[in-house]
Amino acid sequence: MNWTEYFDNCRTEPGATDSEIDTFVLTVSAPLTSSEVQELLEEHRQVVGDGCFDPPFKPESWRLPTRSLPSGYLDLLRFSNGGFFDGQHRDLDPLFSTREVRDYMLGYSVPHWMPMTLPFAFDGGGGFYLLDMRDDSLARGFPVIWAHACNLCFEDARLLAPSFMDFIESGLGPE
């Protein structure tokens, strides 16, 4: 696939190897380690204190997306493991690399606010592009939604496309 035909400008990174993809698929949605839970709880206490969240902040009970990742998404990572892709109506600014997805997911507490979603890029303006992996019965893949990084909730998220490839082909961003 010629990924560059979907974007006006591309600043690519070396593509992910099959080994990096395999590791990514195995680790991105693995249960949180005890050290990750402790780190998240400590960061949470430093930022907002105890008892401020509804629902309560309990990383050990977070539901991470465990369904198979879309083949088109993995193919894009094989083409460019990270990088910047600018289009007329959509920017992947940046596309998260296989090493970064879990860090962004946990760093922004995405599973706390939007369980079963996987952030794969920023939009260049403060928002996340996410795969909505809550429904496993979808034949074409998982919807791509947009949510502002400071307001991660399903109620305010915008549906952009019914699948990853529809999102790429449509060129539609959050506007």
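Phe 122 first. In this predicted model, Phe 122 is buried, because its relative accessible area is 13% and the cut-off for buried is under 20%. Two tyrosine rings pair with the ring of Phe 122, and I will take them in turn.

Start with the aromatic pairs overall. Searching the whole structure gives 18 of them. One is Tyr 104 with Phe 122: ring centres 5.2 Å apart, planes at 85°, so edge-to-face. Where do the partners sit? Tyr 104 is in helix 4, Phe 122 is in strand 4, residues 117-122. They are 18 residues apart, and the pair links distant parts of the chain. Tyr 104 itself is partly exposed, at 22% relative accessible area.

Tyr 108 lies in the loop between helix 4 and helix 5 (110-113), and Phe 122 in strand 4, so the pair ties together parts 14 residues apart in sequence. Buried or exposed, or in between, for Tyr 108? Partly exposed, with a relative accessible area of 35%.

Next, the aromatic cluster. Phe 24, Tyr 73, Phe 120, Tyr 129, Phe 164 and Phe 167 form one cluster. Phe 167 also has a charge over its face: Arg 90, at 5.2 Å from the ring centre. Another case is Arg 134. Its charged end sits over the ring of Phe 154, 3.6 Å from the centre.

Phe 164 brings us to Gly 72. Gly 72 lies in helix 3, residues 71-79. Gly 72 is buried, at 7% relative accessible area. What does Gly 72 touch, leaving out residues up to four places away in sequence? Trp 3, Phe 164 and Met 165. Take Phe 164: it is 92 residues from Gly 72 in sequence, yet the C-alpha to C-alpha distance is 6.8 Å.

On to the strands. Strand 2, residues 83-86, pairs with strand 3 in the antiparallel sense, over three bridges. The two form a hairpin, with four residues between them. Gly 83 stands opposite Leu 95 in strand 3.

Follow the chain out of strand 3 and you reach Thr 98. Thr 98 is in the loop between strand 3 (91-95) and helix 4 (101-107). Thr 98 is buried, with a relative accessible area of 12%. Setting aside neighbours within four places in sequence, Thr 98 contacts Ala 16, Glu 20, Ile 21, Phe 24, Leu 77 and Asn 81.

Terms used. Residues numbered from 1 in each chain as written. Predicted model: local features only at pLDDT ≥ 70, side-chain atom pairs only at ≥ 80, totals over all residues. Heavy atoms only, no water. Buried < 20%, exposed > 50% of the residue type's maximum accessible area, 1.4 Å probe, protein only. Contact = heavy atoms within 4.5 Å. Pairing = 2+ DSSP bridges. Phe/Tyr/Trp six-rings, centres within 6.5 Å; stacked < 30°, edge-to-face > 60°. Lys NZ or Arg CZ within 6 Å of the ring centre and 35° of its normal.
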